[in-house]
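Keep the sequence and the 3D view side by side as you read.

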Amino acid sequence: MKWFKNGKIYSETGQFHDSMLVEKERIVKVGSLKECQKAFIGDDIIDLEGKTVIPGLIDSHLHFLMTAEYLSLLPITGVTSMNELLTRCADYIEKNKLTDADVLYSEGWNHTLFTDEKRVPDRYDLDRASSTVPIVLVRVDRHVMSLNTAALKYFGLTNQTRVDSGGELEVDEAGKLTGVLKETALDLVKAKLPEKNREEKKRLLIQTMALANRYGITSMHTNDAKDNQIEETLSLYEEIESNQQLSVRFYHQIWFNDGQFLPSFLSGPYSFHKGSEWNRIGPIKYFIDGTLGSRTAALYEPYSDDASTCGIHTKSQETLNKEVKMAVDNGFQVITHGIGDRGIEMILDAYDYALDGSDNDLRLGINHMQITNYELIDRVAERDYLTYVQPLFLEDDLPILYDRIGKERAETSYLFNSMKKKGVHQSFSSDAPIVSFNPFDTIQCAVTRNRLTNPLPVAFLPEEAMTVEEAVDAYTFEGAYASFEEDKKGRLKEGYLADFVILNEDIFTIKENTIRNVTVSATYVNGDAVYKEEDLSI
């Protein structure tokens, strides 16, 4: 038994305690110093020295394997000019002596941050970095890809290349490929990219779990297993678990871009919630649209800064209805990517169709839920659909929001507090590697309604801000609820799993605009320390 004493232990809204007893993997008591002292058996005492303790943080949607691989790439996130982007590529090619047999692949550029030319890089831009080495650069949202001429040749892309519906190989006025790919067209390249071997992938996963623990993350809903690579991807996690090397609990969102792989999965060996407390099969994941930054999120009306487009539907309503119903009929939870208002409406229509009036016992959910209106939120609340939201997206979206969709639509979007008041379940997530998976960045954006860097003079819809306690709950209890585990984790209560985080600062009382600077003193999973900044034992 371990006794954690003299702390500020957050149990749930308005409830703090100074002591907690842990035995093996469970919390056996939370209460006063006197109460815990009376029940304590043993000599393993940890003096918290007044530090704040919160439940282990749960990221309810990210791509963890992709994040692990992303952290090994040429860094281009945050690049502030086209020239800087090309210079980094050219320098990397020279330093690593890449040839036409190699591929320079990286992710993270965001043209809305460019100070010289605010446009998507095309083949002619990237040709300036190299005319011989294939270059493939993916936008921060992972919905747009830029290739140089050598890469177009390397991957065999021509004007005759067939693209599935919901994707685009962009051409210029002369009908020539620009090297810009959108939505499902990215799969044409991803399927042929040189892959890291299994041992390297496992090494990166283990290494990145250590970083997650350092951020206080103890559970993740990861979206890695996809289409025809599901078994191969899941086996990586299974192998790490069998070697007792998992320090994060994983709930797998099974990703289908291509519906042809769905029937074989549903008839195969995997079933909903199959697995252990460390490694379980979760929902089936679909896409219906793209992103705001790339103007591919599906909207009712055209973009305010480009009247030629309302975005992209990656599936027809009929196809989405069919695929959602197949998953539901086979007992699977479903989560669907929806950013634009029209895309969200299509998801709601598909869910209503699949459930056919029955309760949402499978906890179907919408990932992102960004460009909304009150009618859509009411529909979500009435049917008790879950939402997976990313307040950190305000960092990239606020500078472009009003230009992209205009004042009226902008001010009925990212309505986190309105959804909270209507009883909508909202779990927080990062969607890494699109953005950092440091939870304190997300929490700060949720409570300040502002950017982390270069904040706006006035917060965006400040009435939509969440309290710190609500934001912590969205990163703990709500993540557990989304995986049907709210009775065993996401709270610090008797009988719950001993997954918790000791903070160096009191997140509940510090200035809201400094929350992102909160650091973790120690992270515990299953009652054991998986990260320690210093030895707290006495």
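What follows is a short tour of salt bridges.

This is a predicted model, in which local features need pLDDT of at least 70, side-chain atom pairs count only at pLDDT 80 or more, and totals for chains, interfaces and linings use all residues. Residues are numbered from 1 along each chain as its sequence is written, and side-chain values use heavy atoms, leaving out hydrogens and water.

How many salt bridges does a search of the whole structure find? The count is 36. A salt bridge here is a side-chain nitrogen of Lys or Arg within 4 Å of a carboxyl oxygen of Asp or Glu.

Start with aspartate 528 and lysine 2. Their closest N and O atoms are 3.4 Å apart. This pair links distant parts of the chain. Aspartate 528 sits in strand S21 (residues 528-532), lysine 2 in strand S1 (residues 2-12), and 526 residues separate them. Strands (E, at least two residues) and helices (H or I, at least four) are DSSP runs, numbered from the N terminus. Aspartate 528 is partly exposed, at 45% relative accessibility. Buried means under 20% relative accessible area, exposed over 50%, and partly exposed in between (1.4 Å probe, protein chains only).

Now go to helix H11 (residues 341-355). Glutamate 345 bridges to arginine 342, with the closest N and O atoms 2.6 Å apart. The two are 3 residues apart, so about one helical turn separates them. Glutamate 345 is partly exposed at 22%, and arginine 342 is partly exposed at 23%.

Elsewhere, salt bridges with shared partners join Glu117, Arg119, Asp125 and Arg128 into one network. Within it, aspartate 125 pairs with arginine 119, the closest N and O atoms being 2.7 Å apart. Is aspartate 125 buried or exposed? Aspartate 125 is buried, at 4%, whereas arginine 119 is partly exposed, at 29%.
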